[in-house]
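My notebook is open, and I have a few things to look up. Come along and check each entry against the model.

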Amino acid sequence: MTCRRSLRMFVFAVGAAIVATSTLWAGGERNKPAKAQDVTLVGKVVDLQSYMSGKFARGDPAKSTQDCIRQGVPAALETDDGLVVLGMGERGPSRTLLPLAYKRAEVKGKLYERDGLHYLDMTSAKPVKEEGEEVEEAKGDDEGADEEP
């Protein structure tokens, strides 16, 4: 009986040591700072609440996305490779993203990845022209200056 009891205690101790070691090792990896890479991504600007729930507070998804971003709901870029959370340092991206809400955009910045989560610290964002869509070009002040009234 004593031998079995000692064997059980030994197996339990070895198992506990393995669990403790693997937990410490995994936690050490998790606390390492993520390395950033400069990237340009293209995708649809969404708010996480509407994206995850599939519900829009208003009938218009673009207006609903704008409202959510304006109120502080985190924004993300829905790309072909998955979802990337968007931010702009400590300021937040709301002013930059409001005109792009629920539209395709080209976003540049530093991409971080940790534990399967992707975060882009944005430096710029601009709309992407869809196929068949015309882009209005701004006219200069001096255009047509030579014409007579």
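I am working on a predicted model, where local features need pLDDT of at least 70, side-chain atom pairs count only at pLDDT 80 or more, and totals for chains, interfaces and linings use all residues. Residues are numbered from 1 along each chain as its sequence is written, and side-chain values use heavy atoms, with hydrogens and water left out.

**Entry: aromatic pairs.** I pair rings of Phe, Tyr and Trp (its six-membered ring) if their centres lie within 6.5 Å; planes under 30 degrees apart are stacked, over 60 edge-to-face, and the rest tilted. How many aromatic pairs does that rule give? I count two. The ring centres of F56 and Y102 are 5.5 Å apart with the planes at 85°, so I log this pair as edge-to-face. F56 sits in the loop between α2 and α3, and Y102 in the loop between α4 and β4, so the pair ties together parts 46 residues apart in sequence. F56 is partly exposed at 29% relative accessibility, and Y102 is partly exposed at 30%. Y112 and Y119 make a tilted pair, 6.3 Å centre to centre with 35° between the planes. For Y112 I note 27%, partly exposed; for Y119, 27% and partly exposed.

**Entry: a charge over a ring.** My test is NZ of Lys or CZ of Arg within 6 Å of the ring centre and within 35 degrees of the ring normal. The charged end of K44 passes, sitting over the ring of Y102 at 4.1 Å from its centre.

**Entry: helix α3.** Helices (H or I, at least four residues) and strands (E, at least two) are DSSP runs numbered from the N terminus. In α3, residues 61-70, I find S64, T65, D67, C68 and I69 buried. Contact means heavy atoms within 4.5 Å. The cover over those buried residues includes β1 (37-47), α2 (48-53), β2 (75-79) and α4 (94-97). Just after α3, G72 takes a positive phi of about 100°.

**Entry: E78.** I place E78 in strand β2 and read it as partly exposed, at 29% relative accessibility. Leaving out residues up to four places away in sequence, E78 touches G43, K44, V46, Y51 and L83. E78 and V42 are 36 residues apart in sequence, yet 8.3 Å apart C-alpha to C-alpha.

Notes:
Buried < 20%, exposed > 50% of the residue type's maximum accessible area, 1.4 Å probe, protein only.
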